[in-house]
Each structure stands twice: as C-alpha cells, then as structure tokens.
Amino acid sequence: ISGEILDQTYTNEVLDRLKEARDDSSIKGVVLQIDSAGGLVVAIEQIYLDVLRLRQHKPVVASIGARGVSGGYYIAVAANFIYAEPTSQLGSIGAWSNLPRPEQLDENILTTGPFKATGGSRKKATDVLEMVRQEFVSAVMTQRGDRLKMSDEELSRAEIYVGAESIKYGLIDDIGTR
C-alpha cells in the first residue's frame with residue numbers, strides 16, 4: 001500500500017489483492033508493506049475493513065516503511081502486528097476536510113434545497129469530521145487494545161511519531177522490516 005490513496009481504481013486493486021490472499025489456501029499469512037500518508041476516508045475504510053476480514057482467515061502483519069500516517073496507519077491497525085523502522089513516521093490519527101463555501105443568494109441560480117450547491121452546512125461538515133475522528137480513534141483503541149499506552153485525548157492530537165518512540169506508546173509492536 002503505497003502513496004496517497006485517492007481513487008477507487010487503486011483501492012479496487014488493493015481490495016482484489018487482499019481477496020486473492022484470503023481465498024488462496026496456499027498463502028498462510030500476509031505481510032502488508034505500507035508507505036502511505038492515507039487519502040480519501042471512504043477508500044481507507046474499505047481497505048481497513050477488508051484487512052480485518054482477511055485477518056479472520058490468516059495472520060496479517062503490517063510493515064511500515066517511511067510513512068504509515070493518517071490513513072496509512074488506519075490500515076495498519078487492522079493487522080495482527082505492526083512493525084516499523086526506527087525513523088518511520090507513524091500516527092497522525094485524524095482527518096481533515098475543506099469546509100463548504102457559504103451559501104450565497106444568486107438571482108440567476110435556482111436550487112431545490114438550501115444546501116444543493118454546497119452539500120451541507122459548515123456545522124454539518126464539522127460534525128461529520130468529528131465523527132470520522134471518533135471512528136479512527138476508536139479503531140486504533142480497539143485494534144491495539146492493551147498494547148496501546150495512550151489515551152483517546154492523546155491520540156486525537158494527531159501527532160506524528162517516529163518508530164522508535166512508537167513502541168513506547170504501543171502504536172507498533174516492534175522495530176523491524178518486512
């Protein structure tokens with residue numbers, strides 16, 4: 001899993017490979033090589049859920065290269081174990097979004113609803129972003145379990161940690177490569 005995950009084509013490729021690994025009985029375990037800063041939430045969640053599904057059938061280990069931040073880390077926490085290099089960047093547990101532009105009246109444009117042009121209010125965008133943050137933090141806390149040595153408030157700061165300090169916080173299991 002490499003680079004920014006911004007389109008459904010790449011996401012589908014990853015999902016197909018995970019399904020192949022799940023369905024192939026000759027594969028006894030999977031190492032996910034991750035070097036990603038994440039991407040679109042919907043794509044990240046699809047991959048995260050598929051890694052959880054794969055994990056029900058065989059062991060999954062995440063090996064983080066240079067970066068496993070934001071959505072890259074979200075995917076990694078679905079694995080049974082996470083390894084990273086001493087200077088790998090990890091964490092950034094959170095999300096960001098552009099706020100919709102304010103609605104403006106225009107006598108030349110008619111809409112069927114007050115938010116047709118923007119998709120919703122700024123308040124709703126903020127609420128959705130908070131929901132995404134809560135889901136991400138909850139996934140980390142659930143999947144890392146007793147290994148995690150951070151509170152939900154600390155995770156919510158969305159800080160980036162290097163691999164060597166990530167062990168102390170329980171964000172990874174050990175230093176290592178694939």
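1. Start with Ile 47. Ile 47 touches Ile 1, Ile 5, Thr 11, Val 14, Leu 15, Leu 18 and Ile 75, leaving aside residues up to four places away in sequence. Contact here means heavy atoms within 4.5 Å.

2. Some ground rules. This is a predicted model, so local features need pLDDT of at least 70 and side-chain atom pairs count only at pLDDT 80 or more, while totals for chains, interfaces and linings use all residues. Residues are numbered from 1 along each chain as its sequence is written, and side-chain values use heavy atoms, with hydrogens and water left out.

3. The largest nonpolar core has 39 residues. Such a core is a set of buried Ala, Val, Leu, Ile, Met, Phe, Trp, Tyr and Cys residues joined through side-chain atoms within 4.5 Å. Leu 32, Ile 47, Tyr 73 and Ile 75 have the most contacts inside it. At least two core residues come from each of α1, β1, α2, β2 (60–69), α3 (71–76), β3 (81–84) and α4. The most come from α2, which gives six. Helices (H or I, at least four residues) and strands (E, at least two) are DSSP runs, numbered from the N terminus.

4. Helix α1 covers residues 8–23, 16 residues in total. From first C-alpha to last, α1 reaches 22 Å, close to the 22 Å expected at 1.5 Å a residue. The expected span is 1.5 Å times one less than the number of residues. At the start of α1, a side-chain oxygen of Asp 7 comes to within 3.0 Å of the backbone nitrogen of Thr 9.

5. Which residues of α1 are buried? They are Thr 11, Val 14, Leu 15, Leu 18, Ala 21 and Arg 22. These residues lie on the same side of α1 because they cover an arc of only 120° around the axis, taken from the directions from the helix axis to the C-beta atoms. They pack against β1 (30–36) and α2 (41–55). Thr 9, Arg 17 and Glu 20 are exposed on the other side. Buried means under 20% relative accessible area, exposed over 50%, partly exposed in between (1.4 Å probe, protein chains only).

6. Ser 63 lies in strand β2. Its relative accessibility is 8%, so Ser 63 counts as buried. Among the residues Ser 63 touches are Leu 32, Tyr 83, Thr 177 and Arg 178.

7. Met 141 is in helix α4 (residues 122–144). Met 141 counts as partly exposed because its relative accessibility is 33%. Beyond four places in sequence, Met 141 touches Leu 148, Met 150, Asp 152 and Leu 155. Its C-alpha is 9.2 Å from that of Val 77, 64 residues apart along the chain.

Conventions. Polar contact = N/O pair within 3.5 Å; in protein donor to acceptor, adjacent residues only side chain to side chain.
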